Amino acid sequence: VAQRYIIQNGQIFAQPNSKIDQLMQLMEAAYVDSLDVDSISEEVMKDFVSKLDPHSAYIPKKDLELVNSELSASFSGIGVQFTIQNDTINVVAVISGGPSESVGVLAGDKIITVDDSLFVGKTINNERVMHTLRGEKGSKVTIGVKRAGTTEMLHYTITRGDIPMHSVDAKFIIENGKQHIGFVRVNKFGENTYNEFINALAHLKAKGATAFIVDLRENSGGFMEQTIRMANEFLQQGELIVYAEGRAYPRYEAKANGTGRFKDVPLVVLIDNFSASASEIFAGAMQDNDRATIIGRRSFGKGLVQQQIPFADGSAVRLTVARYYTPSGRCIQKPYKLGDSEDYALDLLDRFEKGEFYSADSIHFADTTSYFTKKGRVVKGGGGIMPDIFVGRDTTLYTPYFNRVVNLAYTYQFAFRYTDQHRKQLEGYKDWQSLEKYLKDAHWLPEFVQFCKDKGVEPNEAQIAKSQPLLERLVNAYIVRNILNDEGFFPLFERDDEITKEAVRFLSK
């Protein structure tokens, strides 16, 4: 039975017997026909929460474990990275030290059966694969795989174990003349993000880094506590990081305690349209304290605080209880209407159509108030973080042919097929520089064009020639990732990225 809740001193307490409780009990006891009250209550909960802001959400019991695992330090599974190609699970990489590696599963294997049942076809999707291959630690699952060069089906019984969830995608040095710039990409703010981040900074400092780029592009957020600990590393004692308050949520302030080990290093933070929530808190704290230069494109604009409250049946609700504010007093939350999640979801498309991805002059904030950084610079609120240096999308080399093959994911699919066909040779290269040189000499572009033609995309020689640098950059980076994982992918991919290049230029001044 649902509960009523009251809040006292920031704590949430249950109160029974709301009007909805009474109705549900009455239906169960007296309705003319028998009812599946549990099923009805699930729909009522979803509908009720959908009337609120776009970030409040009801999470059914069956989805809660998967949702929670997104920000966990680890989950229990078999330890493979996979992609679905031609309705079949293809193992892209086997996690070092994980359960699959210990029994002999290899990158390139195709998973055909799970526990003696066929596991291929149109119904296979990422969610179903994760739900099937993940499970309780110590439980067993048997997979049947097909391997190149082997005609028989290979069967492996794998004992599920803890699989780490990493927040830091990559850490590497960008050499710019005599300058060594440390680059750290953070994909989310999970349970272990701060520890991973500070270890990455220490690793890069030991390699000679004297300036840093923190890449928060496409980082949708996570735990605020991890963001605060990260920001603390760069700020002086007493500087405000963030504050939050709501109708029944007492004001909470987080300030730097002065123990940060990187308070004086030159710093750039990269953001884009998909940087949200905790990413925006970090960027806002650095910007408002004039501690870092923010480069990229306007961030998403999520400044609402959610608190997850469990129900007795194993489900939960993530309820918005407060708003975040940056040190200057900005609320980064973009406008929304209660119960209207559709228009809210289309906001990024609307920004794109108005030209915001290409020109800073097209950007307009809902909040016209001027806010001021520590040094008196004007910043805007009410719709994300506006970077100090805007870098629009460069479409000079874009063509209809390029757009189509990328949108259809043929660049990714070809890279996987090429890797699969040349795996033994490619695995001989142990760093991205030598592997990229091999790929440049391999002249695979005609093979790619034929691959796309076989899938229905007719070649256009002029457009292919114009977009060739982009095609080669993308496919080469995907192939490198298939062999050397993200530690190889990101240094190659970022070398030619316009926002990263602008950050390097700025730090070199």
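Author: Let's begin with how the chain folds back on itself: of the contacts (heavy atoms within 4.5 Å) between residues at least 6 apart in sequence, 68% join residues at least 24 apart. Keep in mind that this is a predicted model, where local features need pLDDT of at least 70 and side-chain atom pairs count only at pLDDT 80 or more, while totals for chains, interfaces and linings use all residues. Residues are numbered from 1 along each chain as its sequence is written, and side-chain values use heavy atoms, with hydrogens and water left out.

Now for the spot itself, R298. You'll find R298 in the loop that runs from strand 18 (293-296) to strand 19 (304-310). R298 has a relative accessible area of 7%, so it counts as buried. The cut-offs are under 20% for buried, over 50% for exposed and partly exposed in between, with a 1.4 Å probe and protein chains only.

What does the side chain of R298 pair up with in a polar contact? Its partner is the side chain of E356, at 2.9 Å. A polar contact here is a pair of N or O atoms within 3.5 Å; within protein, one must be able to donate a hydrogen and the other to accept it, and residues adjacent in sequence count only if both atoms are side-chain atoms. If you set aside residues up to four places away in sequence, R298 also touches D272, N273, R351, I363 and H364, among others. F365, G383, I385, M386 and P387 are on that list too.

Some of those names come up again when you look at I271. I271 sits in strand 17 (residues 267-271), and its relative accessibility is 1%, so I271 counts as buried. Its contacts beyond four places in sequence include R217, A283, I294, I295, G296 and R297, and I385 and P387 are among them as well.

K334 is in the loop between strand 20 (316-325) and helix 9 (341-345), and with a relative accessibility of 4%, K334 is buried. Now try K337: buried or exposed? K337 is in that loop between strand 20 and helix 9 as well, but K337 is exposed, at 61% relative accessible area. K337 and L66 are 271 residues apart in sequence, and their C-alpha atoms are 29 Å apart in space.

Time to zoom out. The chain has 17 helices and 23 strands. Its radius of gyration is 25 Å, close to the 23 Å of the globule rule for 509 residues, so the chain is as compact as a globular protein of that length; the radius is taken over C-alpha atoms, and the rule is 2.2 Å times the number of residues to the power 0.38. The C-alpha trace spans about 70 × 65 × 45 Å along its principal axes. Of the 509 residues, 48% are buried.

Another buried residue is I479, which lies in helix 16 (residues 461-495) and has a relative accessible area of 0%. The C-alpha atoms of I479 and A415 are 5.2 Å apart, with the two residues 64 apart along the chain. Y418, T419, L426 and L439 are also in contact with I479.

Finally, here are two loop residues for contrast. D116 falls between strand 7 (110-114) and strand 8 (117-118), and D116 is exposed at 70% relative accessible area. H443 falls between helix 14 (432-442) and helix 15 (445-454), and H443 is exposed at 62%. Most residues other than glycine have a negative phi. Yet phi is positive in D116, at about 70°, and in H443, near 50°.

Methods: Helices (H or I, at least four residues) and strands (E, at least two) are DSSP runs, numbered from the N terminus.
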